[in-house]
Amino acid sequence: MCDRNDLSGQTLETRVARARIAAAEAVATLHGLNAERIFAWAEGDVAWFAAHLAEDFVAALADGSRVDKAGYVRLAAETECADDASFEEIDVHPLGEVVLLRGVARYRYGVSDVSMRYTDVWAQRGGGWVIVNAHSTALAPSRPVERASRHRRRGLRRAVGEPRPWKGY
């Protein structure tokens, strides 16, 4: 049977507790960095991306194209500033010195809404966190779906989920 103390004299329980604390700290840090990232894109903050993208960064964009760090920073500079930005469904999954971060970002540009599901891979390098890979997929705009054609024949155009008119049965 092996000794439950490592070379530093810490028990297995102490090492596990420290690992859990480090993972919780990484999750909190990455939630904050994710918020910064979403708003940096909305505001065209090139300096933020220059500082937080790894030199070997690669992104797969919603249109299927691939860009490196320079291309992504250029896109951030060329993209119109958003009138509003938000994010939801954020999932931060630490894997040691790497974190998978998944979520949905929503941007409003005038009367147009753009929603993206994204995955970022963050790595701890040089004492900080940088994005090494990003992938995004455009989400279809949400709009009511019309009922079957029999309703159209009667002139009723009701959206899915809208209550049926009461007929007094």
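Strand 5 puts four residues into the lining of the largest pocket, the biggest share from any element; strands here are DSSP runs of E with at least two residues, helices are runs of H or I with at least four, and both are numbered from the N terminus. The model is predicted, so to speak of local features takes a pLDDT of at least 70 and side-chain atom pairs count only at pLDDT 80 or more, while totals for chains, interfaces and linings use all residues. Residues are numbered from 1 along each chain as its sequence is written, and side-chain values use heavy atoms, with hydrogens and water left out.

The largest pocket holds about 360 Å³ of space. A pocket is an open set of points on a 1 Å grid over the protein atoms alone, where a 1.4 Å probe fits, with protein on both sides within 12 Å along at least five of seven lines; lining residues have an atom within 4 Å of a point. Of the 21 lining residues, Trp 41, Leu 61, Tyr 72, Met 116 and Ser 136 sit closest to the centre. Contributors of at least two residues each include helix 1 (12-43), helix 3 (69-78) and strand 6 (128-138).

As for the overall fold, four helices and six strands run in the order α-α-β-β-α-β-β-β-β-α along the sequence. Some 30% of the 169 residues count as buried, meaning under 20% relative accessible area with a 1.4 Å probe, protein chains only. Among contacts (heavy atoms within 4.5 Å) with a separation of 6 or more, 43% join residues 24 or more positions apart.

How values were computed:
Grid points are joined across faces, edges and corners, and a volume is the space filled by probe spheres set on the points. Buried means under 20% relative accessible area, exposed over 50%, partly exposed in between (1.4 Å probe, protein chains only).
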